[in-house]
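Biologist: I would like to learn how to read the place where two chains meet, going slowly from general idea to particular case. Could we begin with charged pairs?

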2 protein chains.
Amino acid sequence: MKQALPPGLSAAQMDRALKDFAQVVGNDWVLATDLDRDTYLDHFAVDEAAHAPSAAVAPLAAEQVQEILRVANRHKVPLWPISRGKNFGYGGAAPLLKGSVVLDLSRMKKIEFDAENGVALLEPGVGFYDLYDHIQQHKLPYWTSVPGNSWGSVIGNALDRGVGYTTYGQHTEKLCGMEVVLPSGELVRTGMGAMSGSPTWNLYRYGFGPSWEQMFVQSNFGVVTRAGVWLMPAPESMIGLDLELENADDLGWAVDLIAGMRRDGLLQQSPSIGSWLRGAAVLTTRKEWYDKPGALPDDVIAAIRKRFNIGWWSISLRLYGYEAVNEAAAGVIQAQFAKQTKQPMTVTRWKQGMPMNPAPGQAAFAGIPVTFPLANAAWHGGRGGHLGYSPVLPANGRAAMEQFRRTYDRYREFGMDYHGSFAMGERSIVNVNQVLFNKDDRDMMSRVNGFFRALVNDATQQRYGEYRTHIDYMDLVAGTYDFNHNALRRTNETIKDALDPNGILAPGKSGIWPKRYRNLRK
Amino acid sequence: MKQALPPGLSAAQMDRALKDFAQVVGNDWVLATDLDRDTYLDHFAVDEAAHAPSAAVAPLAAEQVQEILRVANRHKVPLWPISRGKNFGYGGAAPLLKGSVVLDLSRMKKIEFDAENGVALLEPGVGFYDLYDHIQQHKLPYWTSVPGNSWGSVIGNALDRGVGYTTYGQHTEKLCGMEVVLPSGELVRTGMGAMSGSPTWNLYRYGFGPSWEQMFVQSNFGVVTRAGVWLMPAPESMIGLDLELENADDLGWAVDLIAGMRRDGLLQQSPSIGSWLRGAAVLTTRKEWYDKPGALPDDVIAAIRKRFNIGWWSISLRLYGYEAVNEAAAGVIQAQFAKQTKQPMTVTRWKQGMPMNPAPGQAAFAGIPVTFPLANAAWHGGRGGHLGYSPVLPANGRAAMEQFRRTYDRYREFGMDYHGSFAMGERSIVNVNQVLFNKDDRDMMSRVNGFFRALVNDATQQRYGEYRTHIDYMDLVAGTYDFNHNALRRTNETIKDALDPNGILAPGKSGIWPKRYRNLRK
């Protein structure tokens, strides 16, 4: 792909900036060929060219990141930091602002492991596989928590508020202590790390005074070059309780029941209640089932469910910890479900000393990295892709059922196959829906934008906000956060301008535009 | 006390400002008599006059707070917000900057209770007693978490990172969704509250983009006028496991053991391991035991311990939740302790349906507000007071023992009675030490400042930072956070200047000075 340029910058100016970047990282790590640029596109995007980078620069250390930011300030070149660039469904490696230089941190792969406390101090290039391998290699008594597709960065995932399946699955909450390069190039450490040489940097989260870790999450206020991540001590036992729900309407009581368990702490991981397509789209393709456009008819859905022996919804609960405690909790959980359904839960038991060789669909529950769910991008055939639609709901069955019905109808209206799940937080639900598509199907692609906007509009009518969104829709979603004329966004931008007067860092991320580019807000 | 004025403001200017405040809240709620001013002094402070306010203004609603901030900007009058002003040991109701007007929020006492989700949306004037009474009166199935002295504000305590004793004891972590008046007078809501009418404002913590709740904790960036607080569902059962440790050195293994339980989630509240003076100073006074100055000799310590039948250290662990799960966890905990000591733990069991009438020393474990620990201020007789010294340590026995030895020796060197506890967090310890004194004892009072500075210096040598400190020492403590030439403080002040260009809000809080007063940093 030929070079795109950011607004107001000439090719000659960009060229001078790239030469200065090369002074910092060496010629080999300024990546500016057509092939290089193509590598950083979002291949899941409806319009890949809309987010084309001009180049990428890949530093090896925080000092180089500092220097890159200083160069970017000098040349007024916008940068788009990525950890490993695997934020698929939300933008992959591509910058929001066309022509930005991707700041690729994937070479920064240092792992410092505090085995006594179960804390890993990681650079952003460390992937879930890297951390898992490190733990296995050194026989450390800790488990990782991994997202469904685990080839991304541990830090990057936490910084976009990604989730996993163990009790450590709310990844952003397990961050403790960051090292951040501010837009000025200044290096700061958060929390106790603000004291040099502090032994509690990655052990106590708050420090003295205001605490800034969530300031650097889903934002464009700094480049995180290291962060502490807490890991779950390897449990003595893991108990699985799985249930298939026969009817779509069973979602209501199941959500109410699990919401109670989450609230009272009986259940400490965040189970995801997923629809029948979740497994089917990974293990088969659509044409094996049906060859017409439009949403799948009910008899095809029934056939899919029969083949995989799954419910309309599947629920997987997991308990981690001491065997006696897990058994007691499992007993209480089973008794509560027994009041709602005659169907027994499938119970699986693992304990220390037993081999750990889970099926791919079970690996993430044991914190073992997997990528097989990514296969769902192939559901429709052609060049596959997907887009995430993820509003946050109150944790109750009525809200979940109504949201499901609304969303299901929209999928059918736009001729798409419903793919939804309800991740049960402590007092809320993140309703993650995937919009699967085939980029070679022009008709299908022509519907995606309208479909997504209809979904966001439906949520906004209910006053539900998205927890995360694709770079195409960050302004749309940020705009729905409208209290007092978008007061929080205005506050974000006041701070943005104070920290980044030249507007060089990730302009537009999460709807936050620096003064220099504020006119670009959609 | 006669009126103190802030730097650079004349009595006439202040007078005009107070008249404008009265336009907002009415004459009755601008409090500027000598008696009024005396009310807002920190009566525990070594030098009360150093933090004398000029007046107080007490609004009833967020709109009045907004208007007060606009008036303060016009007249360049510094404000010091307090919730209920009970931050004793850290400054009480008094402003850091002499002559500030206290912004007293204690009239704002609205409680909105979401009984389905167990969330209270509170104004800052709501005290722990108010919330507890509300819950009892409406028979709501939730427990409060209270600090040892519970007459303060629920929100105020969380905003200073105060703690309690149940699994919801890390109060700042249970905040979810804030309404904040920025220094400009602008009203913002954090998290999902940034969407108007959001039903998940107080249910999901992060919202979209950077999350700001910890920005308003221990800071001077805004006045929190409402916040959501999550409450623990009333447990089916509570089990107590208490142990008295015979020797000072037992602290080491006990900390290691409990640190492991906290890390692996076996224990989900934060037990505080406290020294023998904790109970004795509440229930008796020093002169009943000893009439000489200097630290208490060992035989007196032995006599105190004998009378109260307590160890050198006392440990109280508590389990909350389902009875079967608690019993299983209690079994595992007892088995782990049995490997370290022959002494059995004292086990107490409560479950739903049993009366709840705990002894005062046990009430806080059940989330029942208490104030009796405050009696320790009378230990030395005269006008009593205390000062908190609270460094954060790694969660291991060696660090705890060394810190204890160092601190104990300092107490003896300065002729003070050791009063320490170790609050066991998930991966760190907050080592809360109280310096008890008699303000009428001039000799004793002359030693306090040197003693406190020696303690902070000792911690800093180990690179341990305080998690909270008295307004007298905020610059001292903030200065110890020295990474990259106090980079975090400089960042705080960049943001401070952007949000509060006139420097009106709580100048000096947590060592953050606005440009206007930055020369006042000690």
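Modeller: A salt bridge is counted when a side-chain nitrogen of Lys or Arg lies within 4 Å of a carboxyl oxygen of Asp or Glu. Side chains of opposite charge can pair when their charged atoms come close. Please keep in mind that this is a predicted model.

Biologist: Which elements give two or more residues to the side of chain A that touches chain B?

Modeller: Among them are β9 (187-189), α9 (323-338) and β19 (428-438) of chain A, but the largest share, 11 residues, comes from α14(A). The residues on that side of chain A divide into 46 nonpolar, 30 polar and 16 charged.

Biologist: How much area do chain A and chain B bury between them?

Modeller: The two chains bury about 7800 Å² between them, with 64% of it on carbon and sulfur atoms. Within the area that chain A buries against chain B, A:F208, A:R427 and A:F483 supply 12%, more than any other three residues. In terms of contact, 92 residues of chain A meet 92 residues of chain B.

Biologist: How do the axes of α9(A) and α9 of chain B cross?

Modeller: Angles over 145 degrees count as roughly antiparallel. Here the axes of α9(A) and helix α9 (residues 323-338) of chain B come within 8 Å and cross at roughly 175°, which means that α9(A) is roughly antiparallel to α9(B). In α9(A), the residues A:A324, A:V325, A:A328, A:A329 and A:V332 meet B:A324, B:V325, B:A328, B:A329 and B:V332 in α9(B), and the residues of this contact divide into 10 nonpolar, no polar and no charged.

Biologist: What does a salt bridge inside chain A tie together, taking A:R189 and A:E179?

Modeller: The side chains of A:R189 and A:E179 meet in a salt bridge, at 3.0 Å from N to O. Because A:R189 lies in strand β9 of chain A and A:E179 in strand β8 (residues 175-181) of chain A, the pair ties together parts that are 10 residues apart in sequence.

Terms used
Residues numbered from 1 in each chain as written. Chains lettered and ligands numbered in written order. Predicted model: local features only at pLDDT ≥ 70, side-chain atom pairs only at ≥ 80, totals over all residues. Heavy atoms only, no water. Contact = heavy atoms within 4.5 Å. Buried area = accessible area lost by both parts, 1.4 Å probe. Helix = DSSP H or I, 4+ residues; strand = E, 2+ residues; numbered from the N terminus. Nonpolar A, V, L, I, M, F, W, Y, C, P; charged D, E, K, R; others polar. Axes fitted to C-alpha atoms, helices over the stretch in contact; angles between N-to-C directions. Parallel < 35°, antiparallel > 145°, perpendicular 65-115°, else oblique.
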